[in-house]
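Subject: Structure for you to look at

Hello,

Here is the structure I promised to send over. Please open it alongside these notes.

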Amino acid sequence: MPNRPYSFYRTLFVVCLVVLVTLALPGRWNRLASPGYLLLAITMIAGLGQAGREEARHSPARHIYRGLGLFTVGAGLVWSLTPLQDRDSGIPLILLWALFGVWSNLRLMRSLAAERLVNQPVITGAFAGYLMLGLTAGLLCCALETIHPGSFRDSAEASGSLLMGQQNGQAAGQPVWMLSFVRLTYFAFVSLTTVGYGDVVPASPQAQML
């Protein structure tokens with residue numbers, strides 16, 4: 001018997017792709033990523049919240065993980081109903097998401113490592129873990145930029161209106177968080193894939209270490 005149902009690996013991969021697609025939508029349509037992240041959290045709670053081969057069914061860590069996931073989903077729902085002028089309240093949510101995402105990646109890696117047969121569903125689960133790593137890194141970048149504005153900046157001031165997103169009407173050199181949540185997720189995946197376009201750069205020592 002596999003450590004996780006094979007269907008979970010496929011489902012997780014599809015949900016990660018859905019989140020990435022919504023982040024790529026133009027204009028305000030990329031706000032659909034918010035419910036996409038909630039769907040991703042629910043998927044991780046349902047699949048990764050199960051007891052693994054080396055984990056007891058009543059393990060405290062398993063219950064804490066599920067509780068953190070449910071709390072993150074609840075905080076996300078509350079934040080989605082928060083008036084725009086109070087959106088700074090999303091800082092704790094980003095930190096919660098980052099913690100939950102890192103823990104989820106660790107549980108997924110432990111699950112994949114316990115599989116005795118490497119087949120298509122397991123490889124799909126590995127792909128899902130790769131995408132989860134990028135999405136989690138984007139949340140960590142957002143949390144850092146929110147706490148320390150200016151941690152990430154655009155390196156091409158001459159074409160900053162295009163690079164930073166014309167729909168936001170911001171000048172080049174402004175903190176990335178002030179311009180687009182998508183921008184930081186993009187930077188995380190550029191770094192993860194080692195492409196290194198160099199259009200967004202970590203400016204602070206904390207961002208460089210991250």
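First, the ground rules. This is a predicted model, where local features need pLDDT of at least 70, side-chain atom pairs count only at pLDDT 80 or more, and totals for chains, interfaces and linings use all residues. Residues are numbered from 1 along each chain as its sequence is written, and side-chain values use heavy atoms, with hydrogens and water left out.

**Overall**

The protein has eight helices and two strands. These are DSSP runs, numbered from the N terminus: H or I of at least four residues for helices, E of at least two for strands. Their order along the sequence is α-α-α-α-α-β-α-α-β-α. Of the 210 residues, 44% are buried (under 20% relative accessible area; exposed is over 50%, partly exposed in between; 1.4 Å probe, protein chains only). Among contacts with a separation of 6 or more, 70% are between residues 24 or more positions apart. Contact means heavy atoms within 4.5 Å.

**α1 against α2**

Helix α1 covers residues 6-23 and helix α2 residues 33-48. Their axes are 9 Å apart, at an angle of about 165°. Axes are fitted to C-alpha atoms over the stretch in contact, and angles run from 0 to 180 degrees between N-to-C directions. The pair is therefore roughly antiparallel (over 145 degrees; under 35 is roughly parallel, 65 to 115 roughly perpendicular, the rest oblique). On the α1 side, the contact includes F8, L12 and V19; on the α2 side, Y37, L40 and M44 are among the residues. The contact holds 12 nonpolar, five polar and no charged residues. Nonpolar here is Ala, Val, Leu, Ile, Met, Phe, Trp, Tyr, Cys and Pro; charged is Asp, Glu, Lys and Arg; the others, Gly among them, are polar.

**α2 against α3**

Helix α3 spans residues 60-80. The axes of α2 and α3 come within 10 Å and cross at roughly 165°. This pair, therefore, is also roughly antiparallel. Residues that meet include L38, I42 and I45 in α2, and Y65, R66 and W79 in α3. By class, the contact has 11 nonpolar, three polar and one charged residues.

Which residue has a positive phi near 60° without being glycine? T194 does. T194 sits in the loop between α7 (181-192) and β2 (200-202). T194 counts as exposed, at 68% relative accessibility.

Best wishes
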